[in-house]
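Welcome! Here is a short briefing to read alongside the structure, going from one residue to the wider picture.

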Amino acid sequence: MMFRVRIIDQFIWLISHLPIYAAISFLLIACNTSQERSTPIKNTQTNDFAVASAHPLATQAGINILQQGGNAFDAAVAVTAVLAVVEPYASGLGGGGFWLLHLADSDQNVMVDGREVAPLAATRDMYIGADGKSTDQSVSGPLAAGIPGTAAALVHIAEKYGQLPLSTTLRSAVDLARDGFQVSEYYQSRADAVIKRLSTFPQTADIFLPQGEVPQIGDVLQQSDLAKVLESISKYGVSGFYEGEVANKLVNSVQQAGGIWQLEDLKNYKIIERQPILGNYKNIDIVSAALPSSGGIVLMQVLNMLSAYDLQGMSDTDRKHMIIEAMRRAYHDRAEFLGDEDFVDVPVDKLLSMKYAKTRFSDLNMQFATPSLNLIDQDIVEAFPIVEEAQNTTHFSILDQKGNHVAATLSINYYFGSGFVAEGTGILLNNEMDDFAIQPGHANLWGLIGSEANAIQPGKRMLSSMSPTFLFDGKRTAILGTPGGSRIISMVLLSTLAFSEGATAQEMVQLPRYHHQFLPDEIQFEKGVFNEKTRSALKSKGHALNELGRNYGNMHTVIWNQQTNEVTAASDSRGIGQAQVGTN
Ligand code: DON
């Protein structure tokens with residue numbers, strides 16, 4: 001295919017130019033950082049702690065741990081585990097995610113990469129049918145599931161960074177799984193959306209469709225098998241999930257239903273600690289997710305492109321046009337270059353360099369939209385499915401009184417993941433394999449396409465958009481993130497721009513949202529966020545507009561003002577989450 005040829009050509013070109021680029025980028029980054037970086041306020045202790053998460057029960061569990069003297073990392077374990085129980089539509093032990101940690105003592109940031117990996121028996125074309133078209137097996141059933149990382153992350157964070165034992169931090173989750181939690185309207189609508197898939201698998205229906213139906217609002221949903229798995233992790237650590245009884249049940253059930261997991265897959269699963277993406281935009285220091293998340297790179301690329309301009313000084317239409325044009329280009333590069341760096345070479349330094357941003361944005365036309373097809377060869381394009389308007393996946397933000405903080409975005413991908421519960425475990429498996437580029441030019445659930453860089457390989461992590469992020473403007477630290485598939489990055493971007501202009505936590509989570517992801521070539525926006533004037537101005541520049549049927553995202557933000565020592569927290573009203581500030 002033309003696309004592949006072009007990519008190979010570009011890689012050869014890149015590799016031959018890499019040393020020059022590396023040297024230039026290094027110099028640019030070095031100069032840039034020393035000129036622009038703000039002088040940090042040296043207030044390292046806070047009076048308050050805060051938790052903002054997608055579910056009140058998870059927020060409460062985090063607050064309880066902080067009140068008991070646990071640190072932000074203990075609270076992160078508790079919140080992760082409770083979300084795994086009360087939001088089976090969004091995250092869980094059958095999934096993975098990224099936990100961005102700030103360690104106050106050493107002033108270090110680290111990303112705990114608990115992303116799923118492709119099973120050892122996975123093959124590049126495993127989701128392509130005999131007719132050459134993609135099948136739905138990357139979405140539904142056990143073949144859709146990558147090897148989960150959340151259990152390993154819980155243990156890793158607790159053992160390396162926490163102060164409390166897992167028996168304490170997992171307690172609330174065990175209790176809620178065993179004794180049950182009350183079904184909300186929000187839960188009900190998510191289960192309704194995928195009732196067909198849930199009813200396909202009897203062991204899933206047993207738990208989530210008692211009496212063959214989604215439970216009524218107020219009914220208590222119990223998950224006794226899941227409670228036992230959580231207890232097993234609390235007792236035996238990593239081996240309580242990845243070896244022994246739980247592992248055997250997972251593998252047997254997957255294999256019996258036609259999946260390809262092996263015991264070795266689980267035994268081999270490893271958490272990877274990664275250096276987050278660091279950047280600076282107009283005096284805001286940014287710490288965000290590194291590969292295998294595209295989040296930090298795409299976010300920084302857009303910000304680098306915008307940094308030369310005075311967004312506040314321009315008209316509303318020009319500002320939106322410019323932001324959209326920067327998104328278009330950065331999402332193009334996502335599709336072309338990004339994948340798991342442990343398997344493919346990704347020109348990260350080049351993509352993050354200011355020189356590259358300038359070149360990338362040099363064809364910006366303020367009068368007219370640049371058609372995305374001008375950026376690529378025509379033949380990669382197939383029909384794009386409508387991007388799903390989901391609010392699955394989850395995010396939480398935590399700050400403790402020592403100044404440690406955590407931003408974590410966790411997923412099983414689509415609502416209730418693959419819909420497949422491994423018999424006897426209560427664990428819903430993810431359908432994260434769909435985040436691989438399963439065929440060049442084929443769009444995934446989020447309408448994203450990819451290249452060889454994100455092709456399936458055994459043991460490889462699929463490219464993600466999850467973008468837990470820290471921002472620092474010299475006075476205020478913001479801890480943020482959201483679910484939303486491909487739109488995660490543009491939501492974090494818009495909130496970063498708002499933060500740079502002084503927005504509060506509440507303003508950041510409530511911001512009206514719009515998005516461009518290169519393909520489909522259209523501006524997607526939440527219902528009603530563009531008025532008639534903006535619509536016609538953008539249309540006259542040649543933009544296609546797609547007003548979505550409803551809102552998207554579910555952002556949770558904590559802000560710590562280190563000058564006044566005030567802590568504020570906010571949860572997106574699009575969800576049912578809760579933000580709470582407390583003190584000991
Ligand atoms: O890792 C990713 O980018 C996706 N699996 C996240 C999915 C998601 O956010 C869905 N939420 N609406």
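**A look at I207**
- I207 counts as buried because its relative accessibility is 16%, under the 20% cut-off.
- Beyond residues up to four places away in sequence, I207 touches L221, Q222, Q223, V421 and G426.
- One of these partners, L221, lies 14 residues from I207 along the chain, and the two C-alpha atoms are 7.9 Å apart.

- In soluble globular proteins, nonpolar side chains tend to be buried together.
- Here, the largest nonpolar core holds 177 residues, and L93, F241, L306, F396, I398 and F416 have the most contacts inside it.
- Helix α3, residues 72–86, is the top contributor to this core, giving twelve residues.
- A separate second core has ten residues, among them A122, M126, I438 and M462.
- Back in the largest core, I398 has contacts beyond four places in sequence that include A72, A75, A76 and V79, as well as V406 and I479.

**How confident is the prediction?**
- Across the chain the mean pLDDT is 91, with 90% of residues at 70 or more.
- For residues 1–38, however, pLDDT is below 50, and the model gives this stretch 50 contacts beyond near neighbours in sequence.
- Residues 378–387 also stay under 50, with 28 contacts beyond four places in sequence.
- Where pLDDT is low, the predicted coordinates should not be read in detail.

Note on methods. Residues numbered from 1 in each chain as written. Predicted model: local features only at pLDDT ≥ 70, side-chain atom pairs only at ≥ 80, totals over all residues. Heavy atoms only, no water. Buried < 20%, exposed > 50% of the residue type's maximum accessible area, 1.4 Å probe, protein only. Contact = heavy atoms within 4.5 Å. pLDDT = per-residue confidence, 0-100. Core = buried A, V, L, I, M, F, W, Y, C linked by side-chain atoms within 4.5 Å. Helix = DSSP H or I, 4+ residues; strand = E, 2+ residues; numbered from the N terminus.
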